[in-house]
Amino acid sequence: MDVAELTKRNIMATNTPGILDDTTADAIFGLMLSTARRIPELNQFVKDGKWNISLQPDQYGVDVHHKTLGIIGMGNIGSAIAKRANLGFGMNILYHNRSRNKQAEEAYQAIYCDLDELLEQSDFVCLMVPATKETEKLMGERQFKKMKNTAIFINGSRGKNVDEDALYDALQNKDILAAGIDVFTEEPTNPKNPLLSLKNIVTLPHIGSSTTECEYNMSKLAADNLKSGLKGEKPPSIINPEIFGN
Ligand SMILES: NC(=O)C1=CN([C@@H]2O[C@H](COP(=O)(O)OP(=O)(O)OC[C@H]3O[C@@H](n4cnc5c(N)ncnc54)[C@H](OP(=O)(O)O)[C@@H]3O)[C@@H](O)[C@H]2O)C=CC1
Ligand SMILES: O=CC(=O)O
């Protein structure tokens with residue numbers, strides 16, 4: 001939304017913050033586990049009736065626990081991912097924002113890094129920044145080349161934040177081990193998207209907040225916002241409260 005323009009025209013803008021943080025973090029952490037342990041691929045292997053000898057080394061996944069997770073965008077959802085990773089899986093947390101997140105540093109021993117340092121040191125890189133002019137194609141050829149070739153890239157943010165051609169090349173050339181993505185540049189993605197032809201990527205149809213409970217809670221808050229707005233009252237989660245004056 002162009003909030004500045006809405007404010008100029010005295011139009012209320014609302015959203016549903018907070019409600020989806022844990023639900024989205026569950027989905028993105030699940031994507032990370034699925035990619036590292038190759039769960040969708042091995043699920044298919046069993047269902048296709050191919051499990052007739054013991055698993056071969058070329059089917060092994062990689063560990064998640066005690067590895068280093070780099071979170072680009074340590075905000076609400078990034079912090080919920082860091083909580084799961086650090087307190088649940090004993091992972092070391094690196095993060096990059098434009099500003100420091102002292103709360104995450106204290107609660108999850110997260111270490112602030114510049115972007116290149118994070119990319120070079122992380123076993124998992126998880127992108128959780130908003131889509132802005134500044135973050136468009138934040139992950140491109142140069143950034144994928146900085147990552148370890150044993151590392152896994154996860155995008156739980158917005159498709160536009162990644163150069164999909166560069167991601168394809170990085171996966172195809174084995175510059176990185178694998179990727180898990182919940183979001184695409186164009187959604188729904190074209191079934192001919194070259195990324196879908198690769199074995200070392202796990203894809204989801206933007207399911208971050210898609211649980212029965214979370215969708216209900218978001219709808220309810222959206223309805224509460226609308227009801228207040230229609231009565232001329234300040235909605236519970238208004239983005240531009242300045243239109244009500246101080
Ligand atoms: N997959 C899904 O279903 C969902 C995806 N999302 C996506 O996740 C995004 C993050 O959500 P949420 O955690 O709630 O947002 P927050 O605003 O809480 O966090 C965003 C973080 O990104 C950082 N950031 C912003 N711009 C930059 C930049 N240019 N460079 C580095 N860091 C930056 C911010 O820190 P600082 O300002 O200090 O830079 C902040 O820590 C959403 O914008 C949305 O696109 C959200 C919900 C569900
Ligand atoms: O990506 C989903 C959202 O709610 O934002």
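## Ligand 1 and its surroundings

An oxygen atom of ligand 1 lies 2.8 Å from a polar backbone atom of Ile77, a polar contact in the sense of a pair of N or O atoms within 3.5 Å. This is a predicted model, in which local features need pLDDT of at least 70 and side-chain atom pairs count only at pLDDT 80 or more, while totals for chains, interfaces and linings use all residues. Residues are numbered from 1 along each chain as its sequence is written, chains are lettered from A and ligands numbered from 1 in the order in which they are written, and side-chain values use heavy atoms, with hydrogens and water left out.

Two further contacts involve Ser99, where an N or O atom of the side chain is 2.4 Å from an oxygen atom of ligand 1, and Gly208, where a polar backbone atom is 3.2 Å from an oxygen atom of the ligand. Taken alone, ligand 1 exposes 930 Å², of which the protein buries 81% (accessible areas by the Shrake-Rupley method with a 1.4 Å probe). The shell around ligand 1 holds 23 residues, among which Asn76, Ile77, Arg98, Ser99 and Asp182 come nearest; a residue belongs to such a shell if one of its heavy atoms lies within 4 Å of the molecule. By class, this shell has six nonpolar, 13 polar and four charged residues, with Gly counted among the polar ones and Asp, Glu, Lys and Arg as charged.

Ligand 2 is surrounded by Leu20, Arg158 and His206. An oxygen atom of ligand 2 is 2.5 Å from an N or O atom in the side chain of His206, and a polar side-chain atom of Arg158 lies 2.8 Å from an oxygen atom of ligand 2. Taken alone, ligand 2 exposes 190 Å², and the protein buries 58% of that.

Ligand 1 sits in the largest pocket, and ligand 2 likewise sits in the largest pocket. A pocket here is an open set of points, on a 1 Å grid over the protein atoms alone, where a 1.4 Å probe fits, with protein on both sides within 12 Å along at least five of seven lines; a molecule sits in it if more than half of its atoms lie within 2 Å of its grid points.

## Annotated domains

An unreviewed UniProt entry places the feature "domain: D-isomer specific 2-hydroxyacid dehydrogenase catalytic" at residues 2-240, a span that is 39% helix and 11% strand, with its end C-alpha atoms 11 Å apart. The UniProt annotation "domain: D-isomer specific 2-hydroxyacid dehydrogenase NAD-binding", also from an unreviewed entry, covers residues 29-208, where the chain is 33% helix and 15% strand and the end C-alpha atoms are 10 Å apart. Such annotations may be inferred rather than shown by experiment; helices (H or I, at least four residues) and strands (E, at least two) are DSSP runs.

## Backbone details

Most residues other than glycine have a negative phi, and most peptide bonds are trans. The peptide bond from Glu187 to Pro188 is cis, with omega near -10°, and Pro188 lies in the loop between strand 6 (178-181) and strand 7 (201-203). Asn10, in the loop between helix 1 (3-8) and helix 2 (21-36), has a positive phi, near 65°.

Terms used. Polar contact = N/O pair within 3.5 Å; in protein donor to acceptor, adjacent residues only side chain to side chain. 1 Å grid on protein atoms, 1.4 Å probe; cavity = no way out; pocket = protein on both sides within 12 Å on 5 of 7 lines; lining within 4 Å.
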